Amino acid sequence: MFHDRAQIEVVAGRGGDGALSFRREKFVPRGGPDGGDGGRGGDVVVVSDPDLRDLSAFRSRRRFRAERGGGGGGSGRHGADGADVERRVPVGTQLLDEEGLVVADLTRPGVRFVAARGGGGGRGNRRFATAARQTPRFAETGLPGDEAALELRLKLMADAALAGLPNAGKSSLLSRISNARPKVADYPFTTLAPILGTVDAPDGRQLTVADVPGLIEGASEGIGLGHEFLAHLERARLLLHVIDSADGDPAERWATIDHELSAYGAGLDERSQAIVLNKIDLLPDPPPFEVSDPRIVRVFRVSCATGAGIEELKRALFELCPTEPAQPETADAEELPEFLVYRPRPARQPFRIFRTDRGFRVAGSPPQGEELERALRSAGVRPGDTVEVGGEELEFV
């Protein structure tokens, strides 16, 4: 099974609590505050990997939680940062938020996207010492990390993509021009999942060609099998429109699929097309194709059964799909690009929670009700603890 979609939940690590501590040494009866800061919570990072084919790895595990930051200690000891969680996805994967907005599009190998940012560590009590307040008896708790529900969508990265009706010979053509060996049979919908193949030129250049399941009339509206895979045509710079020239009028068959591509949108109605009239070995004369359209760059007449016209098509592909500048497959960790396109963080009330020698204190403008209760529980408050809110001391229950 080819999996091009997945739902995941990401939870970044909470920051470690700052320490509430005072210097205790022999011959130092009144040592000052020495509580260190808490460590930063770990991030959840998504990395594009050119060696992965689909999103099947997310079928068994969908929730990813990074490590919490360590708490600060006495003598100014800083808490350890929480470990990041790194998940790898195929190149071409998009990440969408709960509103369906694309927050990251990983179109290059090695791109890193921080899907959930870890919370900051709380400050230890030594950070609050001033000339007027020399013995602060409170320290900050760590901030919670980001949480998000994300949808992963894979759109194959290909230089050219095969489009056409079922049983037009797309899989046969892919096996002829590339190193792919898809299933080939004389019945519709032999191809049930997208397949990628690499076309090699004599000078060493390479192109990637994608074969997707056959499209039928109404595919753009969700009818048939191929509608689920129209997204895999979006990134192709050239559409190879494969037509069974021995089955009816090629112009009518082209118009049927072209209508579905236009109805689907995403720029497919403007994409350059090369027409491949297949199965010419079944006809006594070369099939005509009298369609005038500026998007049609070439018309090829081939036979996947006999190999006629295949070499001409392969050579032409490198003219019609000029290769992009080479991209480094690997790089040092410091050189890998990192996405800076983040989801807007949910609005948070300007408040902080401090740990004191008597319990906890909420400063600023805290929320009310269940939201405040969740924040207190997340900060480590337990039933029976004293919590100071707005100048009042309350017992947490």
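Predicted model: local features only at pLDDT ≥ 70, side-chain atom pairs only at ≥ 80, totals over all residues.
Let me begin with Asp17, which sits in the loop between β1 (5–11) and β2 (44–49). With a relative accessible area of 13%, Asp17 falls under the 20% cut-off and therefore counts as buried. What does the side chain of Asp17 make a polar contact with? One partner is the side chain of Arg355, at 3.1 Å, and a polar atom of the Asp17 side chain also lies 2.9 Å from the backbone nitrogen of Gly142. If we set aside neighbours within four places in sequence, the residues in contact with Asp17 include Gly38, Arg68, Gly122, Glu140 and Ala379.

Turning to the sheet, three strands form an open arrangement in the order β4-β2-β7, with mixed pairing. Because β4 (85–90) and β7 (112–116) stand at the edges with a single partner strand each, one side of each is left without a neighbour in the sheet. From one strand to the next the twist averages 30 degrees. The pairing of β2 with β4 is parallel and runs over six bridges, and Val47 has Arg88 in β4 as its bridge partner.

In soluble globular proteins, nonpolar side chains tend to be buried together. Here the largest nonpolar core has 25 residues, and Val10, Phe58, Leu95, Leu106 and Leu152 are those with the most contacts inside it. At least two residues of this core come from each of β1, β2, β4, β6 (102–106), β7 and β9 (147–154), and β9 gives the largest share, four residues. Beyond residues up to four places away in sequence, Val10 touches, among others, Val44, Phe64, Ala115 and Leu150. There is also a second, separate core of 24 residues, which includes Ala168, Val209, Ile310 and Cys321.

Finally, the aromatic residues: the structure holds five aromatic pairs. For Phe128 and Phe354 the ring centres are 5.7 Å apart and the planes stand at 75 degrees, so this pair is edge-to-face.

Since Trp254 lies in helix α2 (residues 250–264) and Phe289 in the loop between β14 (273–278) and β15 (296–301), the pair ties together parts that are 35 residues apart in sequence. Trp254 counts as buried at 8% relative accessibility, as does Phe289 at 10%.

Methods. Residues numbered from 1 in each chain as written. Heavy atoms only, no water. Buried < 20%, exposed > 50% of the residue type's maximum accessible area, 1.4 Å probe, protein only. Polar contact = N/O pair within 3.5 Å; in protein donor to acceptor, adjacent residues only side chain to side chain. Contact = heavy atoms within 4.5 Å. Pairing = 2+ DSSP bridges. Axes fitted to C-alpha atoms, helices over the stretch in contact; angles between N-to-C directions. Core = buried A, V, L, I, M, F, W, Y, C linked by side-chain atoms within 4.5 Å. Phe/Tyr/Trp six-rings, centres within 6.5 Å; stacked < 30°, edge-to-face > 60°.
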